[in-house]
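Have the model open beside you as you read.

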Amino acid sequence: MITKMMAFSSLIASFPTSSTPPILQQNLKMNSSDQPSPWLNNSASPPLQPPGLWMSCFTMIFGAISNLTALGILAKTHVRFRRHSKAPFFLLTVALLLADLGGHVVPGAFALYLHVHQRYKTQAMKPTSIFCHIFGACMVFFGLCPLLFGCAMAVERCVAITQPFFHASMISVAHARRVVFFLSSLALVLAVLPLFAVGTYTTQFPGTWCFLPIHDPQSAADTNLALAFSSLGLTALTFSLLCNILSGLVLLQTRMKSHSVITKPAVRCDHRTSSASSSSLFCSLDVEMMTQLAAITVVLCVCWSPFLIHILVVQLNQSHRASGPVKDGFLLLGLRMASWNQILDPWVYILLRRTVLFRLCCGVYTRRNTVTANSSCAEARRQAFSLQ
């Protein structure tokens, strides 16, 4: 009897004490955040000290302040954009600044959480799958929105300058709202596809951000998503460049024609009025918007091209794909350059406003022509006095 009781006790002890099934326990363990990150040192001591924590804090705060400042200035000067032909550009500019602001605050908060988590934890852990997917979706969405909005601004200005009558009669604020909604929806759909099991997001080197898998072994859906992201961004940059070049050529041609019309008559004492009207044409609202747009496009190309081209090259180079985690320093550098785009965009608008352009460009131009006109008038008076 005693022997049977001992055997029954040993049989009970052999079963797991938890009520959770073993297979479910294994799945939870695999999906939990207790897995160490492959980029980080897994030793218990000393604690990790990521060097980019304070730089991430600085860029996040500085970028948010810059975008809020630009939005405040834009709100004060919205009266100049109440004209029917200028209102769509104003709406697209607001959408661009809001996208830049969200791109600093939302992904920046996720990145700071990972930095702090790695800094004050005795063992570096890989972020959970849900956290990484939300972080990656924010990266894709707020990365595509500035590129798409910048392209929309370039196309809108190109139509307004090359086809002014068509733009004035057909393009309205309602059309601009639809464009913003469509482009935002496009970026959102591409960003949330991995949340519905179409592709995935993975932790990227050095373990402080999540994005589409670039070097890791990946499925066809992952490759297509990465190709779609890079191709869509590069296409937006290309269209922006082409539209800005065409708009700039048309404005330059118009400027040269107006200058030739002004300089054809003989020099008179009222030449000062012609010079003032010419300088006002040079400093018109169209030139101000084109200058801002050209600067924004240059900033977009410089900041985003390395990141987008590198992703495209890696995806197309299938034969040299790595079979495990890769410490891609160039990809990290491209990400940092892309993050500075959202800091420089508001400063482009702040520094290239109409008042600043007038002081930098038109002031010198008007002063030079005023001096020339005064000297011509003085010479005419001197000749008339000598004849008397």
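The expected span of a helix is 1.5 Å times one less than its number of residues. Keep that in mind for helix α3, residues 53-76, in this predicted model. Helix α3 has 24 residues and reaches 35 Å from its first C-alpha to its last, close to the 34 Å expected.

Which parts of α3 are buried? Among them are L53, M60, A64, L71, I73 and L74, along with S56, T59 and N67.

The crossing of α4 past α11 is left-handed. On the α4 side, the meeting residues include T93, L97, D100 and H104; on the α11 side, they include S339, I343, P346 and Y349.

The largest nonpolar core has 65 residues, and F135, V140, W209, F211, F229, W304 and F307 touch the most other members. Elements giving two or more residues to this core include α4, α5, α8, α10 and strand β2. The largest share, 20 residues, comes from α5.

Beyond its neighbours within four places in sequence, F135 is in contact with P107, F110, A111, L114, T208, W209 and C210. There is also a second, separate core of 9 residues, which includes A64, L97, L101 and Y349.

Methods:
Residues are numbered from 1 along each chain as its sequence is written. This is a predicted model: local features need pLDDT of at least 70, side-chain atom pairs count only at pLDDT 80 or more; totals for chains, interfaces and linings use all residues. Side-chain values use heavy atoms; hydrogens and water are left out. A nonpolar core is a set of buried Ala, Val, Leu, Ile, Met, Phe, Trp, Tyr and Cys residues joined through side-chain atoms within 4.5 Å. Buried means under 20% relative accessible area, exposed over 50%, partly exposed in between (1.4 Å probe, protein chains only). Helices (H or I, at least four residues) and strands (E, at least two) are DSSP runs, numbered from the N terminus. Contact means heavy atoms within 4.5 Å. A crossing is left-handed if the near helix is turned anticlockwise from the far one by less than a right angle, and right-handed if clockwise.
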